[in-house]
Amino acid sequence: MASYLDEVPFSGIIRIRDMMYSVADPYRLDQGDVSFDAPDTVKTAMARAIAENRSHYLQTNGVPRLRELIAAKLRERNRVPVGDSDDVLVTNGGIHGLYITCMALVEPGDEVLIPDPEWPPTAGNILAARGVPVGYRLDEAIGWRPDFADLEAKITPRTRVLYVNSPNNPTGGVLARGDIERLAAIARDRNLWVISDEAYEDVVFEGEQISIASLPGMYRRTIPFYTFSKSYAMTGLRLGYVAISDPTIRERAKKILFYTASNVSSVVQFGGIGALEGPQDCIAEFRTELRARRDLFYDGVHEHASDVFSGEPPTGAFYAFLKIDPSWSDPSTSSGQGSLSWRMVEYLIRNGRIGCVPGVDFGRGGEGYVRFCFARDRAELAGALGSMKELFSREAVGERRN
């Protein structure tokens with residue numbers, strides 16, 4: 001029996017999603033989903049694929065034209081020295097790319113260093129591959145970048161992989177060039193593989209996005225993975241990709257890809273071709289609007305809830321990862337037990353219809369924080385902020401009366 005899967009937890013995001021479906025007129029700031037529509041180039045390409053009956057089996061690794069476009073994009077935009085399109089495997093979204101990578105790379109008992117806080121499926125996929133996730137601390141005081149002393153102290157003889165995520169989900173931290181170079185040096189010195197999660201590569205407000213695989217000699221030991229979800233507003237279409245230079249690891253990953261998907265949806269892959277062949281204006285347009293929404297949301301939090309939440313706007317991704325005042329307590333209950341993160345989330349959902357995710361779901365370093373997604377449209381953000389204002393002003397009135 002596959003009893004080892006009993007140790008693989010569901011993300012708390014699933015519990016939140018179930019809670020939100022019971023809420024009337026909710027503000028869905030829990031979901032990491034943009035409110036934008038996919039570009040017309042994507043929709044037109046998919047409609048054409050349907051009209052041309054492109055509804056049959058395809059190559060397991062992906063449509064050749066799509067893989068050629070991805071390889072060119074990796075070389076030109078990410079500066080990753082991909083040899084040819086044979087390195088590229090098309091996946092059913094970014095999470096599927098992570099899954100096939102972990103299954104192809106991680107041996108039972110291998111330790112994988114991951115940021116803390118970090119997107120919950122990271123640890124889950126490592127556990128599913130029978131590996132051991134080991135968190136290294138991200139420091140809020142320096143923009144949620146790594147505490148290198150903590151990271152290096154966590155390396156043991158069983159450490160095999162270093163996981164890098166920039167921009168980071170949930171914190172929005174973006175690694176500086178010096179950080180990337182230091183991580184690369186650690187990987188080389190300790191003979192570690194690197195998995196590089198670059199899902200938010202196009203959502204950088206300050207600084208620059210640097211792929212660790214672009215540094216000299218690093219691509220041969222790095223497996224970067226990406227998604228069309230954030231850059232092209234294709235979250236529900238499920239399209240991602242990985243680049244693997246090592247032929248042995250790539251062949252293993254191809255097997256996992258075949259046994260889990262046979263091939264990714266043909267129509268969606270043609271949509272990906274449309275995305276990459278068409279104008280790229282939408283990427284900058286999305287980023288500009290996300291910056292405006294970030295500022296709108298933080299201005300509202302500072303105005304209406306500064307006694308409860310604190311934190312600086314992120315330099316990348318589209319999440320507000322806010323620290324909860326430790327003295328806060330739910331005015332509707334006398335219980336102060338358990339996770340502060342979960343108590344705050346349940347309070348906001350139950351009383352304010354505001355979806356959000358407890359920071360502790362992203363690792364021990366996230367306890368005492370809560371994550372909001374500000375990629376929702378401005379009306380929804382304004383509604384959530386108005387609800388927050390009412391909730392916390394009501395609390396303040398209650399305190400004065402007491």
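Ile70, Lys73, Arg77, Glu201, Asp202, Thr227, Phe228, Ser231, Tyr232, Tyr241 and Leu276 line the largest cavity, a cavity being a set of points on a 1 Å grid over the protein atoms alone where a 1.4 Å probe fits but cannot get out, with lining residues having an atom within 4 Å of a point. The model is predicted, so that local features need pLDDT of at least 70 and side-chain atom pairs count only at pLDDT 80 or more, while totals for chains, interfaces and linings use all residues. Residues are numbered from 1 along each chain as its sequence is written, and side-chain values use heavy atoms, with hydrogens and water left out.

About 70 Å³ of space lies in the largest cavity, a volume being the space filled by probe spheres set on the points, which are joined across faces, edges and corners. Its lining has 5 nonpolar, 2 polar and 4 charged residues.

The second largest cavity, of about 60 Å³, is lined by residues including Tyr136, Trp144, Asn165 and Leu175, and its lining has 7 nonpolar, 3 polar and no charged residues.

Phe228, a lining residue of the largest cavity, is also among the residues with the most contacts inside the largest nonpolar core, which has 79 residues; such a core is a set of buried Ala, Val, Leu, Ile, Met, Phe, Trp, Tyr and Cys residues joined through side-chain atoms within 4.5 Å, where buried means under 20% relative accessible area with a 1.4 Å probe and protein chains only. Apart from this core lies another, of 27 residues, among them Trp144 and Phe321.

Technical notes
On a 1 Å grid over the protein atoms alone, a cavity is a set of points where a 1.4 Å probe fits but cannot get out, and a pocket is an open set with protein on both sides within 12 Å along at least five of seven lines; lining residues have an atom within 4 Å of a point. Ala, Val, Leu, Ile, Met, Phe, Trp, Tyr, Cys and Pro count as nonpolar, Asp, Glu, Lys and Arg as charged, and the others, Gly among them, as polar. Buried means under 20% relative accessible area, exposed over 50%, partly exposed in between (1.4 Å probe, protein chains only).
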